[in-house]
Amino acid sequence: MRENARGFTLYELLIALLLVVLLTGLAIPNFAKIVANGRVRTEVTSLFRAVYLARKESILQRTVVSICPSENGRQCSATTNWSFGWILFGNADRDEPPRVDPGEVIMQVHRSDENLRITANRRGFTLRATDKRATNGTVVVCDRLNRVAPRAVVVSYTGRPRVALRKRNGDPYACLD
């Protein structure tokens, strides 16, 4: 037997294992928060781009373009719950609230992440070329487990979207159940 043979004792191995478990226990909640934050940011970016695209298309095509919540990707839902997703379409007959009619082209269908809760103060947003103002309002995106602060896409009367963490009065956006 060699005198300089080295190895770990059971005590050293248990201490190392305990340290690994402790560090993993501390890292998992932070990792979950990072993932939740990424999901919220991705959804907010998708909404922002959809509103921007609707505004651009309404100007380029000189027509009315609407965005509305949709559970099936083919028709608007009669709700302010956007958690299932939304559709963007050319609203030729200018329905208010928006509704997809035969012959109207759906330009984009988006399915939302099931880990998010998305609510708005409108059943849809209608963007018009130049003849009338757009539908203004706010869509709030929340993590269902409230691991991160909600973010909102605020649409102005001119149809310009912006992302906000707080209301104009400084209060944070709330996630409604």
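## Elements and the model

Helices and strands are DSSP runs, helices of at least four residues and strands of at least two, numbered from the N terminus. In this numbering, R62 lies in the loop between α1 and β1. The model described here is a predicted one.

## The helix α1 and the residue after it

Helix α1 covers residues 10–61, which makes 52 residues. From its first C-alpha to its last it reaches 74 Å, close to the 76 Å expected at 1.5 Å a residue. Several residues of α1 are buried, among them A36, V40, E43, V44 and L47. Further along the helix, A50, V51, A54, R55, E57 and S58 are buried too.

R62 follows α1. Its phi is near 50°, a positive value in a residue other than glycine. Most residues other than glycine have a negative phi. R62 counts as exposed because its relative accessible area is 62%, and the cut-off for exposed is over 50%.

## The open sheet

Four strands form an open sheet in the order β4-β6-β7-β8, with antiparallel pairing. The edge strands are β4 and β8 (161–164), each of which pairs on one side only. On average, neighbouring strands of this sheet are turned by 20° against each other, direction ignored.

The pairings can be followed across the sheet. β4 and β6 are joined by five bridges, and T119 stands opposite V140 in β6. Five bridges also join β6 to β7 (residues 151–155). Here V140 has A152 of β7 as its bridge partner. β7 and β8 pair over four bridges, and V155 has P161 in β8 as its bridge partner.

## Strand β6

How many residues of β6 are buried? In this strand, residues 137–143, seven of its seven residues are buried. In a regular strand the side chains alternate between the two faces of the sheet. Both faces of β6 are covered. On one side G137, V139, V141 and D143 are buried, and on the other T138, V140 and C142 are buried.

## The nonpolar cores

The largest nonpolar core has 23 residues. Those with the most contacts inside this core are L47, I67, W82, I118 and V141. At least two residues of the core come from each of α1, β1 (65–69), β2 (85–90), β4, β5 (125–127), β6 and β7. The largest share, seven residues, comes from α1.

I118 shows how parts of the chain meet. Leaving aside its neighbours within four places in sequence, I118 is in contact with E43 and L47, with T80, N81, W82 and S83, with S112, and with V139, V140 and V141. A second, separate core has six residues, including A152, V154, A164 and Y173.

H110 is in strand β3. It counts as buried because its relative accessibility is 17%, and the cut-off for buried is under 20%. Which side chain does H110 join in a polar contact of 2.7 Å? The partner is the side chain of E43, a residue of α1 that is itself buried. Not counting residues up to four places away in sequence, H110 touches E43, S46, F84, G85 and W86.

S112 is in the loop between β3 (106–111) and β4 (116–120). At 14% relative accessibility, S112 is therefore buried. The side chain of S112 reaches the backbone nitrogen of G85 at 3.5 Å. Beyond its neighbours within four places in sequence, S112 has contacts with E43, W82, S83, F84, G85, W86 and I118.

## The loop between β2 and β3

Two backbone features are found in this loop. R94, which has its place between β2 and β3, has a positive phi of about 60° although it is not a glycine. R94 counts as partly exposed because its relative accessibility is 45%.

P97 is also in the loop between β2 and β3. What kind of peptide bond joins E96 and P97? The bond is cis, with omega about 5°. Most peptide bonds are trans.

Technical notes:
Residues numbered from 1 in each chain as written. Predicted model: local features only at pLDDT ≥ 70, side-chain atom pairs only at ≥ 80, totals over all residues. Heavy atoms only, no water. Expected span 1.5 Å × (residues − 1). Buried < 20%, exposed > 50% of the residue type's maximum accessible area, 1.4 Å probe, protein only. Polar contact = N/O pair within 3.5 Å; in protein donor to acceptor, adjacent residues only side chain to side chain. Contact = heavy atoms within 4.5 Å. Pairing = 2+ DSSP bridges. Core = buried A, V, L, I, M, F, W, Y, C linked by side-chain atoms within 4.5 Å. Axes fitted to C-alpha atoms, helices over the stretch in contact; angles between N-to-C directions.
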